[in-house]
Amino acid sequence: MANLARRQFCLFSGINSTAALSHSAPSTTSISTPTTHHSNLITTRDMTILSKESKAEFKNQNYSSRMAKKGQPVSPHVTIYSFPVCALSSITTRVTGCALSFGSAGLGLVEIVGGNGAALQLMSNIGSSELFGVAAVAKLGVAFPFVYHYLGGLRHLVWDNSPDMLTNVGVEKASYILVGTSVLVSGVAAVL
C-alpha cells in the first residue's frame with residue numbers, strides 16, 4: 001500500500017520512482033508531497049503513511065495511554081468544575097421545559113389510550129392516594145416545573161426588554177430569586 005502511494009507520488013512529481021522505492025520502512029514511511037504557495041514556488045511537506053499493523057496498534061490504545069506515551073497531560077473531565085448559579089438556572093429552565101413537554105404528552109397518551117376522562121381519573125386517584133406523601137410529591141412534581149419554567153420565561157422577557165440589567169451581579173441575583181421563588185410557590189402549591 002505504501003509502495004503504491006509512493007509510486008503515484010513519484011509519477012505526479014516527476015521523481016525517479018526506483019530511487020524513491022529503494023528505502024522503505026516497515027511500518028511507517030515519510031515522503032514529501034508538493035505544496036504550492038502564493039508565489040507559485042513548490043515546497044515540500046512530510047506525509048506519513050501508516051501500515052495496517054500500526055493503524056491497528058493506534059486504534060487499540062485509548063486516549064489516556066496515547067497522551068501518557070507522548071508525555072502530554074490529559075484534560076480533566078467536566079464534572080470537576082463548579083458551575084455558576086447562572087448556568088445551573090439556565091440548565092434547570094431547559095430541564096423543566098422538557099419535563100412539562102413529556103408530562104403533557106404522557107397525559108395526552110393516557111387520555112387517548114384510556115378514553116374520555118382517563119387522565120382526570122388518574123389525577124384524582126393520585127390525589128386521593130392513601131399512602132402518606134404521594135399526593136404532595138405528585139403535586140410538587142407538577143408545580144415546580146410549571147412555576148420554575150414560567151418564572152424563567154418572565155425573567156428572560158424582562159432581560160429582553162431591559163438589556164442593561166444583564167450584569168454579572170444582576171444575573172446572579174435573578175437566578176437566586178428565581179430558584180427561591182419557585183421553591184416557595186411550588187411548596188405552597190404542594191401542600192394545598
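Biologist: Is F144 buried, partly exposed or exposed?
Modeller: First, a word on the model. It is predicted, so local features need pLDDT of at least 70 and side-chain atom pairs pLDDT 80 or more, while totals for chains, interfaces and linings use all residues. Residues are numbered from 1 along each chain as its sequence is written, and side-chain values use heavy atoms, leaving out hydrogens and water. Now the idea: buried means under 20% relative accessible area, exposed over 50%, and partly exposed in between, with a 1.4 Å probe and protein chains only. F144 has 23%, so F144 is partly exposed. Y148, at 1%, is buried.

Biologist: How many aromatic pairs are there in the whole structure?
Modeller: A pair of aromatic rings is described by the distance of the centres and the angle of the planes. Rings of Phe, Tyr and Trp (its six-membered ring) pair if their centres lie within 6.5 Å; planes under 30 degrees apart are stacked, over 60 edge-to-face, and the rest tilted. The search finds two pairs. In one, F144 and Y148 have ring centres 5.5 Å apart and planes at 35°, so this pair is tilted. F146 and Y150 form a stacked pair, with 6.3 Å between centres and 10° between planes.

Biologist: Where do F146 and Y150 lie?
Modeller: They are in helix α7, four residues apart, so about one helical turn separates them. F146 is exposed, at 51% relative accessibility.

Notes: Helix = DSSP H or I, 4+ residues; strand = E, 2+ residues; numbered from the N terminus.
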